[in-house]
Amino acid sequence: MYNVSISPHVRDKSSTQKIMIDVAIALIPTLAFGIFNFGLNSLLLIIVSAVSCVAFEAGYEYLTKRPITVFDGSALVTGLILAVNLPPTATWWMVLIGAAFAILVVKMLFGGLGQNFMNPALAGRCFLMISFTQRMTDFEIGAISGATPLASIRNGETVDLFTLFIGNHGGCIGEVSALAILIGAAYLMIKKVVSPRIPFTYIISTIAIIAIIRLIQGEGFDLNYLLMQLLSGGLLVGAFFMATDYVTSPITSSGQILFALVIGLLTALFRTLGSTAEGVSYSIIIGNLLVPLIEKITVPHPFGCSEIMKFRGGRKNG
């Protein structure tokens, strides 16, 4: 299958492998903090997730006699992002199931890298959430126990902002430390792997809509509450590492903004009006499904195309 676009063509030194290596490097701070915070079981889950994703992709391609593509690093990054979204109490066999769904069902059965219709890692995480809800919402491990910050906020409690920023609290392995996530995000933007357009629009729209909903509900404006929402859960890691996925996000500037606004709206609704405190994973996946429609209405016409179509339409009507 050949996909040839009209000129001009822009040459770039970037490659899939180079981009994936940069993403993997950017994930190191938040994953390392997760291991420090939750212990060696987190390290085991990260290794199992990364290795199983690579193995499932290589095995599928070997059995179907397709070229082996695991060296591009995309399967490794899928495994790392899946690990980011796992509770530290998960078991290795749960990780295998999530990795199999992410790679085999969402990615490979739809044609491999570039053909998947949603983020494979988030799809794997949501599949595990549906299949093992109790295990996927159990964050108590060692000295770290009690409700997650988002659950506490939902119950009307206050969470210390410094604790949220550093990350010494319960949650998924790679989402607890805002500081570690922002270090990785800064690396991605410095290396120009991601544009700030999607993550910043997503974060700002989520917080703004939450503020509006609270005003409508008569709660008033509470900056401390909004900062707690910003630093809690998977909002930051989702904004910089998942919503920016090249394959499942729009390619146009206006499309990216619209995409980020949509998932920001959904996240705010899930967090304030839904039955669960979180909502990032489901919001991004729903946004992924809307990308074809978003691109259809935001891809610009070639110069002069609209005028030609008007002229042709006029002649036909005449």
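Predicted model: local features only at pLDDT ≥ 70, side-chain atom pairs only at ≥ 80, totals over all residues.
**Whole chain**

Begin with the entire chain in a cartoon view. There are 15 helices and zero strands. Of the 318 residues, 49% are buried. Among contacts with a separation of 6 or more, 76% join residues 24 or more positions apart.

**First stop: the nonpolar cores**

Select Val-23, Leu-27, Tyr-202, Phe-241, Met-242 and Ile-284, which have the most contacts inside the largest nonpolar core, a set of 75 residues. Then colour helix H10, residues 197–216; the largest share of this core, eight residues, comes from that helix.

Next, centre the view on Phe-241 and display its surroundings. Leaving aside residues up to four places away in sequence, Phe-241 touches Val-23, Ala-26, Leu-27 and Ile-81, and also Ile-181, Gly-184, Ala-185 and Leu-188.

**Second stop: the largest pocket**

Select Thr-244, Asp-245, Tyr-246, Val-247 and Ser-249. Of the 33 residues that line the largest pocket, these lie nearest its centre. The space in this pocket amounts to about 800 Å³. To see the elements around it, highlight helix H1 (16–38), helix H3 (74–84), helix H5 (120–131), H10 and helix H12 (235–241), each of which gives two or more residues to the lining. Colouring the lining by class gives 19 nonpolar, ten polar and four charged residues.

Move to Thr-137, Phe-139, Thr-148, Ala-277 and Glu-278, the residues nearest the centre of the second largest pocket, which is lined by 28 residues. Its volume is about 480 Å³. Highlight H5, helix H7 (149–154) and helix H14 (280–298), the elements that give two or more residues to this lining. Coloured by class, the lining of the second largest pocket divides into eleven nonpolar, twelve polar and five charged residues.

Select Ser-232, in the loop between helix H11 (223–231) and H12. Is this residue buried or exposed? Ser-232 has a relative accessible area of 0%, and therefore counts as buried. Show its side chain and draw a distance to the backbone oxygen of Met-228: the side chain of Ser-232 reaches that atom at 2.5 Å. Then display Pro-149, Leu-150, Ile-153, Leu-164 and Arg-271, which Ser-232 touches when residues up to four places away in sequence are not counted.

**Last stop: two loop lysines**

Select Lys-65, in the loop between helix H2 (40–63) and H3. The phi angle of Lys-65 is near 60°, a positive value in a residue other than glycine. Lys-65 counts as exposed because its relative accessibility is 76%, over the 50% cut-off.

Finish at Lys-192, found in the loop between helix H9 (178–190) and H10. Although Lys-192 is not a glycine, its phi is positive, at about 60°. With a relative accessibility of 72%, Lys-192 counts as exposed.

Key. Residues numbered from 1 in each chain as written. Heavy atoms only, no water. Core = buried A, V, L, I, M, F, W, Y, C linked by side-chain atoms within 4.5 Å. Buried < 20%, exposed > 50% of the residue type's maximum accessible area, 1.4 Å probe, protein only. Helix = DSSP H or I, 4+ residues; strand = E, 2+ residues; numbered from the N terminus. Contact = heavy atoms within 4.5 Å. 1 Å grid on protein atoms, 1.4 Å probe; cavity = no way out; pocket = protein on both sides within 12 Å on 5 of 7 lines; lining within 4 Å. Points joined across faces, edges and corners; volume = space filled by probe spheres on them. Nonpolar A, V, L, I, M, F, W, Y, C, P; charged D, E, K, R; others polar. Polar contact = N/O pair within 3.5 Å; in protein donor to acceptor, adjacent residues only side chain to side chain.
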